[in-house]
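Hello,

Here is the structure I promised to pass on to you. Have a look at it first, and then read on for what I found.

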Amino acid sequence: MKYIDEYRDAVAAKKLVEAIRSTTTRPWNIMEVCGGQTHAILRFALDEMLPGRITLIHGPGCPVCVTPIEIIDKAIAIASLPEVIFCSFGDMLRVPGSEKDLLTVKSEGGRVRVVYSPMDAVALAGKNPDREVVFFAIGFETTAPANAMAVVQASKLGLDNFSVLVAHVLVPPAIRAVLSSPENLVQGFLAAGHVCTITGIDQYRPIAEEFGVPIVATGFEPLDILQGVLMCVRQLEEGRADVEIQYTRSVRPEGNPAARKTIEEVFEPVPRKWRGIGEIPMSGLALREKYAKYDAAGRFSVEGITADEPAECIAGEVLQGRRKPHECPAFGTRCTPDRPLGAPMVSSEGACAAYYRYRRKCSGRACPACRRK
Amino acid sequence: MSDDFNLNCPVPIDNHKTVQLAHGGGGRMMRGLVEGTFLPAFAEKGKPFVPHDSAVLEPCDGRLAFTTDSFVISPLFFPGGDIGRLAVYGTVNDLAMAGAKPLYLSDGFILEEGLSMETLRRVVCSMRDAAAEVGVRIVTGDTKVVDRGQCDGIFINTAGIGAVPDGVEFSPGRVTPGDAVLVSGDLGRHGIAVMSVREGLEFEGALPSDCASLAGLVDAMLAAAADVHCLRDLTRGGLAAAVIEIAQHAGVGIELEESAIPIAEPVAGACELLGLDPLYVANEGRLAAVVRAEAAEVVLEIMQSHPAAQRPTIIGTVTDRHAGVVELRGPLGGRRIVDELSGEQMPRIC
């Protein structure tokens, strides 16, 4: 397939791996921030192709995984209301709240719909004037512009029966939180290419400077990731800590100004809890005062709901790269995609789910998981 | 489609543009529906119809294969097929996977009150045409009507009986290390075609479902019956579910070559866009065959010369390593496990 196959070419991949090998003189820990990158690394076994001295640490960039359990509980409370049609991207439906998930709400008679775009939810609100249509606005800076646009659109159309439950999170504060941890191991970052397509790379410069870490805005195909690793290793070996763009076919230094403007028009940064990590200052988005009436949490009075994470889940440590998913005692036993303890086991981009899916069974020498030992 | 429909109906169905609860009530209206809609489509031509509680069938040669399947698809009509065709092909294909020649089908309709009669007639015509194409007879049936909102238009159950020729034994028990794994065509068309209609997704160019009978193809493959060890049609759960099931039941490992697995460009594109893995997307006219390694090319040639196979390909081998596990060798040489999904695939966020 055009624009896909070129970036999965085995010969080119081998050359990049060779270049990484010849550039590397000591061990380096590099974090890929985005869950989409984690998924590609495991799917194409890129980590196994890299020289042993390069360790990839899987970052907190899966929006499903970092959504705190109390926001899931709020979503469940709203979706259970008889007047509500609750719209969400598919990934969120299986994420467990304190007692159940959104699929269970659906089976109990709640109107839970999977949508592919927030605009579908706006259209649904137009078609169902006697119902309250709520959209679960989650994601990083990548999905924020379209979700902001949905609110603007609803406002223009005068759709008073539309609202959003906002759980947006921002990447740079999360990188800052990882680097500020006393147990931090990460020496360089592959930043999420699609996030940078929206935001540009200026927000990353102060982080690179302050913490002395290279940051490379990287794409999602195997060659993108390998080239991102090479660019990062080169900087590390040369003692540089610059912000660079690997994903040049999508990312411009200034990002997408129109999309940024839409985000700024509708949302403002607020402190946000991250699942397994805790509260990170100014790491989330909330609706500005001007659009406050579209806030579903306020409209349905669920702001007071709080919840604790399951004690056994080590999602926080996994999301900060301190432990690998299979190092969790519950991995593959008490925590599986069928009965997940935490969100990283649910989302297709979650690190635990990726390990479960691609690296679980070790039953012989030819097994990819065994070869890693 | 319904031009040649023979309406010899004592209660003219035109009086009822929609299905009423009484159409399932056992009285005159139900008889009108049966005699006006179902019998003209399904009854054997030239033979008087004698109402009875059972179809009485002649014995056939060989062992019997018996299967059943229920069809609840929304929308009822989709590019390349409809629920009627699916209900015939689905059960016919299940019979064919056992090496059976499909002979008889039953149909059980659950109709939603308020369903348009025209829709029902289109579905019935479609079943008639599909059955005629396959050479299978619909010999018995049942109709129930439920209150509006209690089903989604039409639910159909079909059960099927087929005859398995002597010497034909397709089962996971015959799968042995060294065997080759083939697919009869490119994967994922049905799932993506239905999803595109259901969710209003628009792709460049039409993408019809692969919905088709595999009975003819399997009949042709019987020429190499001794070398064909196991067949599976790749419906719900796609190729992944089928090969995982074979690996687990046969107690063998299966290694697939990702770059060999045929996937049409629009399907590959849609899957990339939605974050779906085409290995898990449903098909309705594709099979996987596990065959003796030495016969793989012969079986492939048989497939290539049959119109029901589109881009048949050898995609992997059976091994004696890591029993019960299916491994996929990626384009970059890395291996990964093909795992059973927890439930349906969910499109991802970004």
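Predicted model: local features only at pLDDT ≥ 70, side-chain atom pairs only at ≥ 80, totals over all residues.

Is B:Asn283 buried or exposed? Its relative accessible area is 0%, so B:Asn283 is buried, the cut-off being under 20%.

One is the backbone nitrogen of B:Gly188, which the side chain reaches at 2.6 Å. The other is the backbone oxygen of B:Val281, at 3.3 Å from a polar atom of that side chain.

Next, the cysteines. Over all chains, the structure holds one disulfide, and it joins A:Cys62 to A:Cys65 with an S to S distance of 2.5 Å. Which hand does this disulfide have? The torsion about the S-S bond of A:Cys62 and A:Cys65 is about 70°, so the disulfide is right-handed. Both A:Cys62 and A:Cys65 are buried. A:Cys335, on the other hand, is in no disulfide: its nearest cysteine sulfur belongs to A:Cys313 and is 6.2 Å away. A:Cys335 also counts as buried, at 10% relative accessibility, and A:Cys34 is buried with a relative accessible area of 11%.

Finally, the interface. Chain A puts 41 residues into the contact and chain B puts in 30. Between the two chains, about 3300 Å² of area is buried, and carbon and sulfur atoms give 59% of that. The count of salt bridges between chain B and chain A is three. One of them pairs A:Arg357 with B:Asp277, whose closest N and O atoms are 3.1 Å apart. Residue pairs in polar contact between chain B and chain A, both at pLDDT 80 or more, come to four.

On the side of chain B that touches chain A, the elements giving two or more residues are α7 (265–274) and β13 (335–338) of chain B. The largest share, five residues, comes from α7(B). Sorted by class, that side of chain B has 13 nonpolar, twelve charged and five polar residues.

Enjoy looking around, and do write back with your thoughts.

Best wishes

Technical notes: Residues numbered from 1 in each chain as written. Chains lettered and ligands numbered in written order. Heavy atoms only, no water. Disulfide = S-S within 2.5 Å. Buried < 20%, exposed > 50% of the residue type's maximum accessible area, 1.4 Å probe, protein only. Contact = heavy atoms within 4.5 Å. Buried area = accessible area lost by both parts, 1.4 Å probe. Salt bridge = Lys/Arg side-chain N within 4 Å of Asp/Glu carboxyl O. Polar contact = N/O pair within 3.5 Å; in protein donor to acceptor, adjacent residues only side chain to side chain. Helix = DSSP H or I, 4+ residues; strand = E, 2+ residues; numbered from the N terminus. Nonpolar A, V, L, I, M, F, W, Y, C, P; charged D, E, K, R; others polar.
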